[in-house]
Amino acid sequence: MENEVVRYFLSQGPFAALFVWLLIYVMRANKEREGRLQDLLDKFSEKYDVIIGELRDIKERFPRQHKGG
């Protein structure tokens, strides 16, 4: 698919070829960046679960005191 698009734009002139090259380059870079960001979000979500568990433990150790009127 990419080869067909590249061949078509090569016949349209050098600027069209440069545009297609840049478009493909940016799309690949974005795909890689998105993968890294997804991995980072997965790691944060694991840490979030740990933090929530720790907060629940703390709440259990220190029960809330109600203010009397």
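This is a predicted model: local features need pLDDT of at least 70, side-chain atom pairs count only at pLDDT 80 or more; totals for chains, interfaces and linings use all residues.
Start with the charges: the protein chain carries 12 positive and 11 negative side chains.

**Whole chain**

Switch to cartoon view. The protein chain shows two helices and zero strands. Its radius of gyration is 27 Å, well over the 11 Å that the globule rule gives for 69 residues, so the chain is more spread out than a compact globule. Turn the model along its principal axes. The C-alpha atoms fill a box of roughly 85 × 25 × 15 Å.

Now show the surface. The protein chain exposes about 7,100 Å². Carbon and sulfur atoms supply 60% of that area. How much of the chain is buried? Buried residues make up 6% of the 69 residues.

**Stop 1: A16**

Select residues 14-61, which are helix α2. A16 sits in this helix. Is A16 buried or exposed? A16 is buried, because its relative accessible area is 17% and the cut-off for buried is under 20%. V6 and A16 are ten residues apart in sequence, and their C-alpha atoms are 9.0 Å apart in space.

**Stop 2: the nonpolar patch**

Next, select W21, L22, Y25 and V26. Together they make a nonpolar surface patch of about 440 Å². Y25, one of these four, belongs to helix α2.

**Stop 3: L40**

Move to L40, another residue placed in helix α2. L40 is partly exposed, with a relative accessible area of 40%. That value falls in between the two cut-offs, under 20% for buried and over 50% for exposed. Now draw a distance from L40 to E54. The two residues are 14 positions apart along the chain, and 21 Å separates their C-alpha atoms.

**Stop 4: the negative patch**

Select D39, D42, E46 and D49. Which charge does their surface patch have, negative or positive? The patch formed by D39, D42, E46 and D49 is negative. Zoom in on D49, which is also located in helix α2. D49 counts as exposed because its relative accessibility is 54%, and exposed means over 50%.

**Last view**

Select A16, L40 and D49 together, and colour them by accessibility. A16 is buried at 17%, L40 is partly exposed at 40%, and D49 is exposed at 54%.

How values were computed. Residues are numbered from 1 along each chain as its sequence is written. Side-chain values use heavy atoms; hydrogens and water are left out. Patches are made of residues with over 30% relative accessible area and no salt bridge: like charges are joined within 9 Å, nonpolar side chains (Val, Leu, Ile, Met, Phe, Trp, Tyr) within 5 Å. Accessible areas come from the Shrake-Rupley method with a 1.4 Å probe; for residues, only the protein chains shown count as cover. A salt bridge is a side-chain nitrogen of Lys or Arg within 4 Å of a carboxyl oxygen of Asp or Glu. Lys and Arg count as positive and Asp and Glu as negative; His and the chain ends are not counted. The place of a charge is taken as NZ of Lys, CZ of Arg, CG of Asp or CD of Glu. Buried means under 20% relative accessible area, exposed over 50%, partly exposed in between (1.4 Å probe, protein chains only). The radius of gyration is taken over C-alpha atoms; the globule rule is 2.2 Å times the number of residues to the power 0.38.
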